[in-house]
Amino acid sequence: MSNVPPAAEHASPSLLRLRQPGAHGKVTNIELFFDLVFVYAVTQLSHTLLHDLSVMGAVRVLLLFLAVWWVWIFTGWIANWLDPERLAVRLLVLALMFAGLLLSTALPEAFDGRGKVFAMAYVAMQVGRSLFMVWALRHASQSARFNFYRITTWLAVTGVLWLVGAFADGHARLAWWAVALGIEYMGPAAFFYVPGLGQSSTREWDVEGGHMAERCSLFVIIALGESVVVMGSTFADSARTPDLWLTCVTAFIGCVAMWWIYFDMGVERGSRSIRHSADPGRTARIAYTYLHLLIVAGIIVSAVGDELSLTHPHAAPDTAQVAVLLGGPALYLLGNALFKQAANQTNVPLSHLAGLGLLALLLWPAHAMTVMSLATATTVVLVVVAVWESLSLRDLRRELYGATEE
C-alpha cells in the first residue's frame, strides 16, 4: 500500500496523512474535539424520541439520526485521508464543528421552527467539506479528482432538496428530506455514478483501516456515554428506593453488556480485518459506513428505555414503550451481528441470533410485565449474548491478546 490513498496520491502532500506500512493511523485531538458536538447531538436525539414516542415521532427521529450519522461518518472518511494536524484541515474541522453545533441545537425542533437552521447547517457541512476535498486534490490524478467531483455533485443535488424541504411544512418537509437522505444513502452503493463522469471504485476509497475502525468505535463510546448520562441524571433526581436501586444496577449491567458485546472482541477483529483487507474501501463502506448506524441506533433507543425504566419502573408498558425496550437491544444485536459477519467474512454469530430470538419471545408476555421487569429481561438477554460469545471465542482471544485463560 502506498503512503497516501490512491485517490489522493498526487495531491499536495501538505494536506494528507503520511502512511507508514503496517502502522495504525492516529486519531488526533482535533478529531476528538470535533466529536464533542456529537455527544450533544446523541443526547438531543434520545430526548427528542423520549418526548414523542408516537409512530410519527419515531420516524422523524430516525430521519434526524440518519442525517447526524451521515454527516459524521463522511467527516470520518475525510479525516482518514487528510492530516488534521495541518492548519487548513484544522480550520475545516473547526468550521464543521461549529456547523455541527448549530445542527445539533436545531434537532428537537427540526420539524417545527428550526428546520431552516438544521438544513442549512447540514448542507453546509456536506457540500462544504466535499468542496474542500476538490480543492485539496486539485493537483491529483484524474481518477482522484473525478471521485470527488461525483461525490460533490450528489451532495449538491441533495442539498437543494434539503433546502426546499426546510421551506416546506409538516409532512411535505418530511417527504423532501426523506428523498434527499435516501439519495445520499444510495450514493456509496451506486459508487456515486454521474452521467458523463462515470462511477467511482472502492479502490479509489482506500482508507487507513485502523483509523477508520477506531473512529467508529469512538462514536459507539459516545452513544454508550449517553446511556451512562441518562442513568446518572435520572437516578440522581429520583427517590433512592430499593426498586430504583435495582433498576439502576440493572440498567448499568445492560450498558456493560452492550460494551462487552462490541468491544471485547468485535473491535479488534474488525480492525485487523480492515487493515489486512485487499479492498479496505469496500469493508469501510459496508461494515463501518452502513452497518455501524444500526449499532449506534440501538444504543440510543436503549438509552431511552433506560430512562423509561428509571422513571416508570412499575408501570405496565404500552406498545410504544415495548417497542423501545425490546427494539433498542434488538437493533444493537442485529447491527453487531451484521458488522461482525461483514468485517470478518464469517457466519453471523450464533450467540447474536439466539439473543434476537429471545427478544422476539419476550414480545408475547411483554404487556403483562412491568417496565422494570421487561428491562431486566432484556438485560439478561444481553448478558447471555456477551458471555456466550466470550466463551465461544476463547481460543481466538488467546491468539489476539495472548491472554491466559483459566
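## The model

This is a predicted model, with local features needing pLDDT of at least 70 and side-chain atom pairs counting only at pLDDT 80 or more, while totals for chains, interfaces and linings use all residues. Residue numbers run from 1 along each chain as its sequence is written, and side-chain values use heavy atoms, leaving out hydrogens and water.

## Overall build

The protein chain has 15 helices and zero strands (DSSP runs, H or I of at least four residues for helices and E of at least two for strands, numbered from the N terminus). Its radius of gyration is 22 Å, close to the 22 Å that the globule rule gives for 406 residues, so the chain is as compact as a globular protein of that length (taken over C-alpha atoms; the rule is 2.2 Å times the number of residues to the power 0.38). Along the principal axes, the C-alpha trace spans about 65 × 60 × 35 Å.

Of the 406 residues, 56% are buried (under 20% relative accessible area; exposed is over 50%, partly exposed in between, with a 1.4 Å probe and protein chains only). Among contacts with a separation of 6 or more, 79% come from residues 24 or more positions apart (contact means heavy atoms within 4.5 Å).

Most residues other than glycine have a negative phi. F191, not a glycine, has a positive phi of about 55°, and F192 has one of about 50°. F191 sits in the loop between helix 6 (170–189) and helix 7 (209–236), and F192 is also placed in the loop between helix 6 and helix 7.

Are they buried or partly exposed? F191 is partly exposed, at 23% relative accessibility, whereas F192 is buried at 4%.
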